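These are my notebook entries on one structure. I set down what I looked up, topic by topic.

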Amino acid sequence: MGDLTLTTFDWVPEMPRGFVRDLRVRWALEEAALPYRVASAPFGERGAAHFAHQPFGQVPWLTDGDISIFESGAILLHLGERSDRLMPSDPRGRSEATEWVFAALNSVEMPALPWTMFKFTGSDDGSPAAKFVNDFLKLRLKHMETVLAAREWLAGSFSVADILMSDVLRVVDRFDGLSDSPACRAYVARATARPAFVKARADQMAHFAAADRAR
């Protein structure tokens, strides 16, 4: 394994700050106490070098020596292989954490993302599409409420699964979407109270604030 470099945008507008997905990777790196540096890719001009690392022109990506990894879930699973602070050490626990990584990205983020887009854009107008997404999210939250009412963390100890799931739910909570899901809301509060999250978020905000001063 080589040196770790996390690449994010050099600047983003105000609204997504604190929610850009490099935060998930920063959080994992801080939890694991793995040394890393942060590099920037232009938010405006996304050239061939950017697409070579991230084929959709998004962020983040992580380089580990001569390995380049995109998609936050894949990056966190990779980091989980590097630190037992991020994944349980026993096979059953690792399997459970992996299940919940995919559940966060597929079962919960699938309705959460369009729901938050309706909220971001102010287009939650009661249309059939908005109602469908709202009902879909409520159903997923109902299931998560049952799960989280019975456990502190998804796979026994805190893991990359909790970084992903709590970050997905954190965006929903930003728009008060967890008002009827107290166990989900308490879970997000537990996760975001962790010092590694607090530092990761502060570092992301400082990164973009420095870009404001340089513009």
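Entry 1, the second largest pocket. I looked up its volume first: about 200 Å³ of space lies in the second largest pocket. On a 1 Å grid over the protein atoms alone, a pocket is an open set of points where a 1.4 Å probe fits, with protein on both sides within 12 Å along at least five of seven lines, and lining residues have an atom within 4 Å of a point. Grid points are joined across faces, edges and corners, and the volume is the space filled by probe spheres set on the points. The model is a predicted one, in which local features need pLDDT of at least 70 and side-chain atom pairs count only at pLDDT 80 or more, while totals for chains, interfaces and linings use all residues. Residues are numbered from 1 along each chain as its sequence is written, and side-chain values use heavy atoms, with hydrogens and water left out.

I then listed the lining, which includes W115, N134, L137, D176 and S181. Helix α5 gives the most to this lining, with six residues; helices (H or I, at least four residues) and strands (E, at least two) are DSSP runs, numbered from the N terminus. By class, I recorded three nonpolar, four polar and five charged residues. Ala, Val, Leu, Ile, Met, Phe, Trp, Tyr, Cys and Pro count as nonpolar, Asp, Glu, Lys and Arg as charged, and the others, Gly among them, as polar.

I compared its length with expectation: the 21 residues of α5 (128–148) should span 30 Å at 1.5 Å a residue, and the end C-alpha atoms are 30 Å apart, which agrees. The expected span is 1.5 Å times one less than the number of residues. I found these buried residues in α5: A130, V133, L137, L141, M144, E145, V147 and L148. Seen down the axis of α5, they fall within an arc of 145 degrees, so they line one face of the helix; the arc is that of the directions from the helix axis to the C-beta atoms. The face turned away from the buried side carries exposed residues, among them P128, F132 and T146. Buried means under 20% relative accessible area, exposed over 50%, and partly exposed in between (1.4 Å probe, protein chains only). The cover over the buried residues of α5 includes α4 (91–121), α6 (160–174) and α7 (182–192).

Of its 29 lining residues, F19, V20, R21, L113 and M117 are the closest to the centre. α3 (72–82), α4 and α6 each give two or more residues to the lining, and α4 gives the most, with seven. I counted 18 nonpolar, five polar and six charged residues in this lining.

Most residues other than glycine have a negative phi, and most peptide bonds are trans. I found a cis peptide bond joining V59 and P60, with omega about 5 degrees; P60 is in the loop between α2 (48–53) and β3 (61–64). A33 has a positive phi, near 55 degrees, and is exposed at 52% relative accessible area. D176, in the loop between α6 and α7, has a phi near 60 degrees and is partly exposed at 46%.

Not counting residues up to four places away in sequence, S159 touches L86, M87, P88 and A97, where contact means heavy atoms within 4.5 Å.
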